[in-house]
Amino acid sequence: MTTAPDRTDRTGRPDAAPRTVRRIAVIGAGPGGLYFAALAKQLAPERDITVFERDGRDDEFGFGVVFSDETLDGIARADPRVFAAISAEFARWSDIDIRYAGEVRTSGGHGFAALDRNRLRAILRQRCAELAVDLRYRTPAPPVDRLAAEYDLVVAADGIRSGTRAAHPESFRPDLDERHCRYMWLATDKVFEAFTFIVERYDFGVLQVHAYPYSATRSTFIVEAAADSWHRAGFEALAARELARGESDLASVRRCADLLAGHLDGHRLIPNASRWIRFTTVRNASWRHRNVVLLGDAAHSAHFSIGSGTKLALEDALALAAALSEQPTLEEALAGYEAERRPVVESTQRAAQASLEWFETIGRRTGQGIDRFAFNLLTRSRRVTYGNLRARDPAFVDAVDTAFGGSPGVPPMFRPLKLGALELRNRVVVPPLATFTSPDALPSGFDRAQLTGHALGGAGLVIAGMTAVSPEGRATDRCPGLWADHQEAAWRRLVDAVRAVSDTPLGIQLTHAGRRGATAAPGPDGIGRPLAEGWPLIAPSALPWDTGSPVPHEANDIQLTAVTADFAAAAERAARAGFDVLELQFGHGHLLSSFLSPLTNRRTDRYGGPLAHRLRLPLEVLTAVRAVWPAGRPLLVRISASDWAPGGTTEEEAAAIGRALAGAGADALDVSTGEVVAHQRPPYGRGYQTPFAELVRAATGLPTIAVGAISGFDDADSVLLAGRADLVAVGRAHLYDPLWTLHAAAEQNHTGPGARWPEPWRAGSRKPPGPNADRVAPRLHLLREPPPPVHRRWSPDLP
Ligand SMILES: Cc1cc2nc3c(=O)[nH]c(=O)nc-3n(C[C@H](O)[C@H](O)[C@H](O)COP(=O)(O)OP(=O)(O)OC[C@H]3O[C@@H](n4cnc5c(N)ncnc54)[C@H](O)[C@@H]3O)c2cc1C
Ligand SMILES: Cc1cc2nc3c(=O)[nH]c(=O)nc-3n(C[C@H](O)[C@H](O)[C@H](O)COP(=O)(O)O)c2cc1C
C-alpha cells in the first residue's frame, strides 16, 4: 500500500483520496452505479455523491440475475446489510438440467443464487438513500465534460451503449464486437427448478434457451438462435417493425412461445422491452479519461451464457470504491482499480468468448448423443472441466464415461484408439518437436534421446519433428532430412534404438518449408532469423515471410512436380526406416500451407485462385504419398485451420480443406492454426485451437488431433470426452516433463493398460509422497456437518 502515514481517519482506515475526491458524479443507476455509490459513501460519509439516471425510479427492465458463491462472499464482507437484504430474496439451487433431443440430463453440485434484477436495484437504491446519496431519477446526466469539470470524479456506469465511452473514443479506444446470434430476454411464470439449457432442433435449425428461476413465481428465459437459423425461422420479418423504447416484439414472443410450448407446460412468456438483439462484446484499451472512469457494462461485457454481467459490475464497484480509499491520489486510485480488475475481466471475457462461440456454432454438435452433448455444453467455456465435474457429481461423469464406450473411472485420455491398423494404447500424442541439432541434416544424438524419452514417457504416439524432403525444403540449417540413403539408414538406426526399449508407435513429420526456409535455428524468442547465406526458396507467390526475409521464387510447374516426387520418395524411405505413422506438414506457412492460404497464394494458374485450385498441389502430394505409404499405417496431415489475419483461411474453407484431405486418403487430421503470415494475431490461451479440431472433425468425420496449450491432463480429458477431438497433442509440456503422460496417470490414480510404466521404472510409478505426507490431521469438529447434497433444486416452498 502506498498510503502516506499521516493520512488515517478516526477508525485508522486510510483516508487519503477522500480528501481530494469529495464530489463524485455517477452516470447510471444500474446495479454497478448504485453499488459503487453506496460503498463509496459508506467508506467516506463526507463525500457528496450524485447519481444521474435517465429512467424513472420504478421503471423495471430485465428479469433475474445470477451470482456465484465467490461474488457473494465479496458482497457479504463489503456491506453485510446489502448482503442480508439480497440473500433473503435468493432462489438457490445446485443443478443444471440439459434438455436436448427429447431427453434430459442433470449435472449437480454447481451452486447458484439468483434474484429479481429490479429487486436488486431497489435494495441498492434503498441503501443509497439510507447513506444520503443524492439519487436523481428521470435526469439524463449532463454532458460528461461538464460533469468532469464540476466533480472530482465521474463514474460512468451508463451501460453497454455508454454515451461516455462514445464521447472520448481517443482515450478509451473501444472495441465493440457485435456477434451474429440473435437473442431475446424474456421471463416466464414457469418456475424452473434448476439452471436449464434447452436445445431444440427444428427444420429451420436450432433454438437454444438459457433459463433459470429467480423468485417464487418467475424464471428468466433467454431465447437464442444462430443468424442462419434465425433468418430461416422467419424471425427477421417479424422483427422488421421499428419498436419504440420499452416496446416488445410481441409477434416474435408469440412464435417463441409456440415453438417452445413443450417446455413451458402451459405457462406464459412474459416480455419486458423484449426484442431480438445481437450481443456486443465491449472491450476498451483504457477505462480512464482524466477524472472519468468506466465501470460495469460500459467498460466491458461478457456473454450472458456465463451469467456474469451484473456480477462483474458489482465487483468493479467494490474494487473502485476500495481503490479510492486505499490509494493516495485519484490518479493512483483509478490506475489501481483498472490494474486490479482488468485481468479478472479479461479472464471472464475469455471464458465468455469460448462460450458464445460454442453457442454460435451449436449446429456442429447436434449430432452428438445426449450424454456427450451435455458434457460438451458444460465444459464449453473451459472453466468447467472433467475433473471438477467429477468432483461435483461423479455419477453424471460416470454416465458420460460409459457413453464414451469406456468403464467409468478410466480417464478419457487413457482409452485406446484404432488408427488405420494401428492400436494406440491411449489418446495422448507427442507432436512434432524439432530439436534443431542436425547441422549435417542427419537425425542427431539429441533426436534419439528425445524420442526415446518421449517413447518411454507414456504417450500413445510420438512424432519426430519436421524432416525435410529435399535440401532446399529445410526450414533451418540445423534440420534433418530424408532425401538420401544415408539419412534413411540413420533414421532406421534411431527407430531400432527406440524400439529396443519401447513399443510406443513412432511417427515422423515430412515437410518442405517453402518461404519459411533458410533460417537459423530459433533463438530464445522462438524466432528463426534469415541466414546470411541461405539457399533459394520457392513459394506459391513471390511474397517474403516478413520484412527482412528473402523473397522466394514463384514455383514453376517443374519445381512443383519435383516437390510431389520428393514427398513420395521421402515417404517410402520413412516406411523402410520403420516409422508406424507419417505426418505431412500442410500447416504453419510451410510450402503446402502457403498454397492453401489465400494470403500467401496469389497465383492465377491452376494452383491458385479459388480453394479448389489452391488445394491442387497439397492433394497431388497427398495422393502421391498415399500411393506409396503402406495401407495399414496411419497417414496424418497437419493443417493451419486459421491464419489469424484478415482475409485468411475461413472456417468454411478449413472445413472444405479437411473434407478434401479426407477424400484423398488422410487417416486423421492434426489441427493446428497460424504461423502462415508474420502479422498474425492469435488469441493465445488455454486450448485456443481446440474449436478448430472440433470444426474439422464435424465436417469430415475423420479423427482429429487437438493441439495447442493443452497442458493439463484435466483439459485433455475434457477435450476428448466432449468429442472435440479424438487425440490430444501435448508439446511443450512434454519438453518440461518427458514423462508427462505417465505422471498424468499417477495424478489420476490410474493404472490401466493405457498407462504402462517401463518395467525397470515400475518402482517409481506412484507419485512420491510430499514433505507433509507423514502429518496426520486431528479431528477438529465435534459433530461433522454432512456434505451438501449433490442435487439441490429450487422450490419456493423449501428454505
Ligand atoms: C434488456 C436487457 C435485459 C437484461 N436483463 C438481464 C437479466 O435479466 N439478468 C442479468 O443478469 N442481466 C441482464 N442484463 C444485463 C445486465 O443488465 C448488465 O450486465 C448489468 O446490469 C450491468 O450493470 P451496469 O450497472 O454496468 O449497467 P446497466 O444495468 O445497463 O445500467 C446502466 C444505467 O445507466 C443508465 N444511463 C445510460 N445513459 C445514461 C445517461 N446519459 N444519463 C443517465 N442515465 C443513463 C441506464 O438507463 C441504466 O439504468 C440485461 C440487459 C439488457 C439490455
Ligand atoms: C521446440 C518446438 C519445436 C517444434 N517443432 C515443430 C515441428 O517440427 N513441426 C510442427 O508442425 N510443429 C512444431 N512445433 C509445434 C508443436 O508441434 C505444437 O503444435 C505446439 O508446440 C503447440 O502445442 P503445445 O502448446 O502443447 O506446446 C514445435 C514446437 C516447439 C515448442
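In this predicted model, pLDDT stays under 50 over residues 1-16. For this stretch, the model has 25 contacts beyond four places in sequence. The mean pLDDT of the chain is 93. A value of 70 or more is reached by 97% of the residues.

Helix H15 spans residues 370-378. Nine of its nine residues are buried, so H15 is largely enclosed by the rest of the structure. Buried here means under 20% relative accessible area. The buried residues of H15 include Asp-371, Arg-372 and Asn-376. Ile-370, Phe-373, Ala-374 and Phe-375 are also among them. Leu-377 and Leu-378 are buried as well.

Strand S21 covers residues 461-468. Eight of its eight residues are buried. S21 is therefore largely enclosed by the rest of the structure.

Strand S21 pairs with strand S20, which covers residues 428-430. The two strands pair in the parallel sense, over two bridges. Val-429 has Leu-461 of S21 as its bridge partner.

Strand S21 is also joined to strand S22, residues 506-511. Six bridges link S21 and S22, and these strands run parallel. The bridge partner of Ala-464 is Ile-508, in S22.

Helix H19 covers residues 485-501. Together, S21, H19 and S22 make a β-α-β unit. The unit is right-handed.

Terms used: Residues are numbered from 1 along each chain as its sequence is written. Chains are lettered from A and ligands numbered from 1 in the order in which they are written. This is a predicted model: local features need pLDDT of at least 70, side-chain atom pairs count only at pLDDT 80 or more; totals for chains, interfaces and linings use all residues. Side-chain values use heavy atoms; hydrogens and water are left out. pLDDT is the predictor's confidence in each residue, from 0 to 100. Contact means heavy atoms within 4.5 Å. Buried means under 20% relative accessible area, exposed over 50%, partly exposed in between (1.4 Å probe, protein chains only). Helices (H or I, at least four residues) and strands (E, at least two) are DSSP runs, numbered from the N terminus. Two strands pair if DSSP finds at least two bridges between them. A crossover is right-handed if, with the strands pointing away from the viewer, the path from the first strand over the helix to the second runs clockwise.
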